[in-house]
Every structure is written in C-alpha cells, then in structure tokens.
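Biologist: Please pick one part of this chain and go through it closely. Start with how its elements are named, then show what surrounds it.

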Amino acid sequence: MQKPEGMKLGLILLVTLAWCASAYAQPARSVPCHERALGDYEAPGLPIAPLSGAELLLLERGEIPTGRYVFGGIVSSMYGFGIGHAIQKRWTESGWLFTVGEIASLALAVHTIQRASSDCVRTEIECAGQRGYAVLTGLALLSYTGFRIAEVTDSWSAPPHHNDQVRAARERAHRLRTATPYLTPTHDGGMAGFVKTF
C-alpha cells in the first residue's frame, strides 16, 4: 500500500521543524537554521565517521598563518636548503628532503670539480680523460636545480592546501559534536531522525 503524497510532505515538514528546533538548543552558529540544507551533511542516513589520525594531527598542528607562509616562501625562493619550510614549521614534513638533496647535489658537484682539477694539474694525459667528471658535475648541478624548483613550488603551494585540510577537519569535528539529521528513503516510504555521536 503506497502512502499518500501529503504524508510524505508532512514527514519532510516535521523533520525540518524538528531540525530547526534543535538548532536553538545548540550554541549560536554563523548560518541561520532556515538557510541550512540537508545536503550540507555527509551521507544522509549514516552516522559521520570518526576523525582519522591524520585529521587529528592536522587539528593539533593548526593553520599556517599568512605571515609565516609568505616569509617562508620568500626565504625558500632566495636561499633554499629547507630554511623556508622550517619557518613555515613544515621541515619534518617535506623540508628535510630539500635540505638533504640540495646539500648532497652541491657536495657532489664540488667533489667532481675538485677531482677533475687535481687530476689535470698532475698530467695532461689524465686531464684529457676527464669527460666523466664533467658529466657528473653537470648531473649534480641539474639535480640541485631540480631540488630548488621543487622547493620553491612546494613552499608557495603547499601551505594553502594544508590550511584547507585543517579547515575541513575542523568542520568535521564540529559536525561530530552536534546532532546530524537524516532522511532516508525506504521501500515503504521513508525514515527520519537524528544521529548524535558521543
């Protein structure tokens, strides 16, 4: 037996009124009740999954302030070696890669240049066969350039993405603290209620 259209409409109205009434019992929010929609919540009919370890870590670290982001980006662009990442407090995340990579690349370049020049000073025959040193020096300098480009790109692009992730985790944590309404269609009609996670 199919339920009349009026009952479905009444059920939706009842859920909306109950939802709005529960909003007055909660602390004030920036979005008024009548402007909120069921689509703002995740997976209607299912409780929200608890925060993951990565989300908890993001909440603990917090957002990167604009001043630190800009100053770190400038230092990364000018000096490198992961210093800008340390200013942005992201050295353990990715800055150490640039510190190690750039130092290793420069050390290899300096070593091959020194080795080639010392061999050339000894004999002209050894100097003629130093093409291998030139190739190694070129590869080391190319590697250093690649690390620098990646470091500058990461120092300017990663903090805004990090801040977006922190805001999303904060929003999910807020949803877990409040009752979430749901409306689920079933083969008999529908089911409505609230999901509260403790």
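Modeller: Helices here are DSSP runs of H or I with at least four residues, numbered from the N terminus. On that count R148 sits in helix 7, which spans residues 131-177.

First, the setting. This is a predicted model. The mean pLDDT of the chain is 74, and 57% of the residues reach at least 70. Residues 23-46 fall below 50, yet this stretch has 28 contacts in the model beyond near neighbours in sequence. The chain holds 7 helices and 2 strands, in the order α-α-α-α-α-α-α-β-β. It has 198 residues, of which 30% count as buried. Take the contacts between residues at least 6 apart in sequence: 63% of them join residues at least 24 apart.

Now helix 3. It runs over residues 66-78, 13 residues in total. From first C-alpha to last it reaches 18 Å, close to the 18 Å expected at 1.5 Å a residue. Its buried residues are Y69, G72, G73, V75 and S76. Viewed down the axis of helix 3, these buried residues fall within an arc of 165°, so they line one face. The background is simple. An α-helix has 3.6 residues a turn, so residues three or four places apart point the same way. Exposed residues T66, G67 and M78 are on the face of helix 3 turned away from the buried side.

Next, the aromatic pairs. A search of the whole structure gives 2. The ring centres of Y69 and W156 are 5.7 Å apart and the planes stand at 75°; angles over 60 count as edge-to-face, so this pair is edge-to-face. Y69 belongs to helix 3 and W156 to helix 7, so this pair links parts of the chain 87 residues apart. W156 is partly exposed, at 31% relative accessibility.

The second pair is F81 with Y144. Their centres are 6.5 Å apart and their planes at 45°, so this pair is tilted. F81 lies in the loop between helix 3 and helix 4 (83-87), while Y144 is in helix 7, so the pair ties together parts 63 residues apart in sequence. F81 is partly exposed, at 27% relative accessibility. Y144 is buried, with a relative accessible area of 19%, and the cut-off is under 20%.

The end of helix 3 deserves a look too. Just after it, G80 takes a positive phi of about 80°. G80 is also one of the residues in contact with R148. Leaving aside neighbours within four places in sequence, R148 is in contact with S76, S77, M78, Y79, G80 and E102. R148 is buried, with a relative accessible area of 13%. Its side chain makes a polar contact with the side chain of E151, at 3.2 Å.

One last point on helix 7. A168 is found there. A168 counts as partly exposed, at 43% relative accessibility.

To sum up, Y69 of helix 3 pairs with W156 of helix 7. F81, in the loop between helix 3 and helix 4, pairs with Y144 of helix 7. R148 is in contact with residues including S76 and M78.

Notes. Residues numbered from 1 in each chain as written. Heavy atoms only, no water. Expected span 1.5 Å × (residues − 1). Buried < 20%, exposed > 50% of the residue type's maximum accessible area, 1.4 Å probe, protein only. Arc of directions from axis to C-beta. Phe/Tyr/Trp six-rings, centres within 6.5 Å; stacked < 30°, edge-to-face > 60°. Polar contact = N/O pair within 3.5 Å; in protein donor to acceptor, adjacent residues only side chain to side chain. Contact = heavy atoms within 4.5 Å. pLDDT = per-residue confidence, 0-100.
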